[in-house]
Amino acid sequence: FSNDGNEIRRRFLEFFALRGHIVLPGSSLVPNDPTVLLTIAGMLQFKPVFLGQVPRQVPRATTSQKCLRTNDVENVGRTARHHTFFEMLGNFSFGDYFKQDAIRWAWELAIDEFKLPVERVWVSVFEDDDEAMKIWRDEIGMPEERIKRMGKDDNFWASGPTGPCGPCSEMYYDFHPEEGTVTADLGDDSRFLEFYNLVFMQFNRKDDGSLELLKQKNIDTGLGLERMARILQNVPNNYETDLIFPIIRCAAKLAGVNYEAADDRSKRLLKVIGDHSRAVVYLISDGVSPSNLGRGYIVRRLIRRVVRMGRLLGIRGDGKGNLEGTFLPTLAKVAVGMSTEIDPDVKHNASRIYQELHGEELKFVQTLERGEKLLEQLLEEAVASEKGTSKPSLAGKGVFMLYDTYGYPIELTEEVAAERGVSIDLEGFEAEMEGQRKQSQAAHNVVKLSLGGAAAELSTMIPETEFLGYTALESDSFVS
Ligand code: ATP
Ligand code: MG
Ligand code: MG
Ligand code: MG
């Protein structure tokens with residue numbers, strides 16, 4: 001069979017449909033769950049069923065789920081396997097089949113369906129899970145040396161401090177079986193790639209911390225589509241699969257760069273552009289517009305990163321000669337063109353997606369250019385005033401002004417300054433931030449006292465929104 005992403009997705013769903021699973025649609029990236037901002041796994045839409053809060057509709061189901069993980073944003077382009085936006089293929093059992101079938105089917109999927117060479121598949125099990133160990137070793141016939149016992153950080157799943165939880169078993173692909181088994185370390189990502197995670201939800205953790213066996217045991221699994229595509233298409237990383245590479249090609253063309261001949265840095269920038277362009281298309285399609293709060297801020301940050309990286313690669317304007325134009329809609333078009341089987345709604349939202357991207361890119365470029373002028377001036381002053389011994393440093397006040405008045409990302413200031421051998425006064429910046437925070441807190445209190453009920457509404461309009469944005473920036477560890 002052809003190994004393209006759409007085909008892999010279809011075959012996964014069909015494999016489990018043939019084994020009694022109902023193929024259900026994936027859910028929106030905006031979850032119906034207040035505990036997370038975005039959909040991070042296939043199980044999220046089923047969480048109430050797993051937690052016993054609503055009755056199951058079907059005993060077993062299979063889905064392909066759009067996911068977005070901001071905690072992986074820094075890995076994008078740096079590891080070969082992480083994206084912000086990716087698809088998770090899953091099979092689920094709601095009190096129906098359990099460990100034995102889940103393991104046997106995962107194995108058959110990998111070996112019989114996707115034809116992975118038997119000797120290249122490794123698995124991990126939770127250190128105390130002798131049952132899973134036995135199934136892999138005695139029923140599947142996996143040599144014990146390719147089964148690794150791992151601790152609870154890697155191989156124990158829980159949705160919270162109490163409630164349903166259980167051990168996991170993960171499947172890995174070995175790119176270098178010639179290196180043997182003695183020194184093998186599943187954490188070595190130049191050799192191994194985790195592609196499938198099986199969660200055996202068998203316990204309830206009680207308030208006193210102890211575990212009791214659940215009467216109704218569940219299965220929750222996730223297989224990364226881009227990772228399977230990478231394996232089957234035999235390319236060096238997820239980005240070069242048919243699921244993302246067309247966007248990268250398009251970006252390279254706009255930048256006048258030859259991807260194959262490009263240096264590592266340019267390749268990394270192109271990978272980030274490929275990843276984030278896809279992510280923002282799906283986020284906007286699911287109704288998330290750029291803003292300074294929550295999900296909206298995530299889209300904004302992703303868009304800004306693409307724009308910045310595009311500029312670093314030399315893309316100006318629309319990349320085709322019109323300096324007043326924008327290039328994100330062109331990349332988005334490529335992503336939309338590939339979206340039909342990932343999410344049929346995207347096509348219908350296409351013109352809104354292009355419009356929002358165009359507007360946001362224009363706004364950010366203007367900010368960047370205004371900030372660049374001020375930064376230039378501040379850098380010259382810093383260098384001039386520091387002739388001699390110590391390294392020139394940009395005062396916290398200036399850095400804060402760039403951030404606060406011009407919306408200029410601090411990381412960008414840091415980066416541009418570093419290029420000139422200038423450091424930035426982070427402490428001074430933090431002090432300015434703190435000052436501002438106190439001031440707005442005071443303003444907030446005044447508003448509260450004088451306006452009563454309308455305060456909540458008003459307080460979302462005063463600069464505090466900027467601070468929430470900054471906090472989100474830190475906790476998501478976005479670097480521009
Ligand atoms: P990793 O250890 O590689 O970060 P993970 O253990 O965090 O992966 P899980 O939470 O177990 O991943 O998710 C199930 C599957 O989803 C993984 O086995 C992988 O195939 C895929 N996956 C997880 N995170 C990403 C990501 N950021 N980009 C692409 N695929 C992912
Ligand atoms: Mg991870
Ligand atoms: Mg892992
Ligand atoms: Mg995992």
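In which sense do strand 6 and strand 7 pair, and over how many bridges? I looked that up first: strand 6 (residues 156-158) pairs with strand 7 in the antiparallel sense, over three bridges. Pairing here takes at least two DSSP bridges between two strands; strands are DSSP E runs of at least two residues and helices H or I runs of at least four, numbered from the N terminus.

Residues are numbered from 1 along each chain as its sequence is written, with chains lettered from A and ligands numbered from 1 in the order in which they are written.

Confidence. I find an average pLDDT (the predictor's confidence in each residue, from 0 to 100) of 90 for the protein chain, and 91% of the residues score at least 70. Where pLDDT is low, the predicted coordinates should not be read in detail. I also noted ipTM 0.99 and pTM 0.86.

Strand 7. I followed its partners next. A hairpin of four residues links strand 6 to strand 7, and Ala158 has Cys165 as its bridge partner in strand 7. Strand 4 also pairs with strand 7 in the antiparallel sense, over five bridges, with Val123 opposite Met171. Strand 8 pairs with strand 7 over ten bridges, again antiparallel; there Tyr173 is partnered by Leu193. Eleven of the twelve residues of strand 7 are buried, so the rest of the structure largely encloses it. (Buried means 20 or more other C-beta atoms within 10 Å of the residue's own, exposed 12 or fewer, with C-beta atoms placed from the backbone.)

Helix 4. In residues 130-140 I get Ala132, Ile135 and Trp136 as the buried ones. They share one side of helix 4 because they cover an arc of only 90 degrees around the axis (taken from the directions from the helix axis to the C-beta atoms). Asp130 and Asp138 are exposed on the other side. Gly141 follows helix 4 with a positive phi, near 90 degrees.

Ligand 1. I count 16 residues around it, the closest being Asp72, Phe86, Asn197, Gly222 and Gly224; the cut-off is a C-beta atom, placed from the backbone, within 6 Å. Strand 8 gives the largest share of that shell, four residues.

Conventions. This is a predicted model: local features need pLDDT of at least 70, side-chain atom pairs count only at pLDDT 80 or more; totals for chains, interfaces and linings use all residues.
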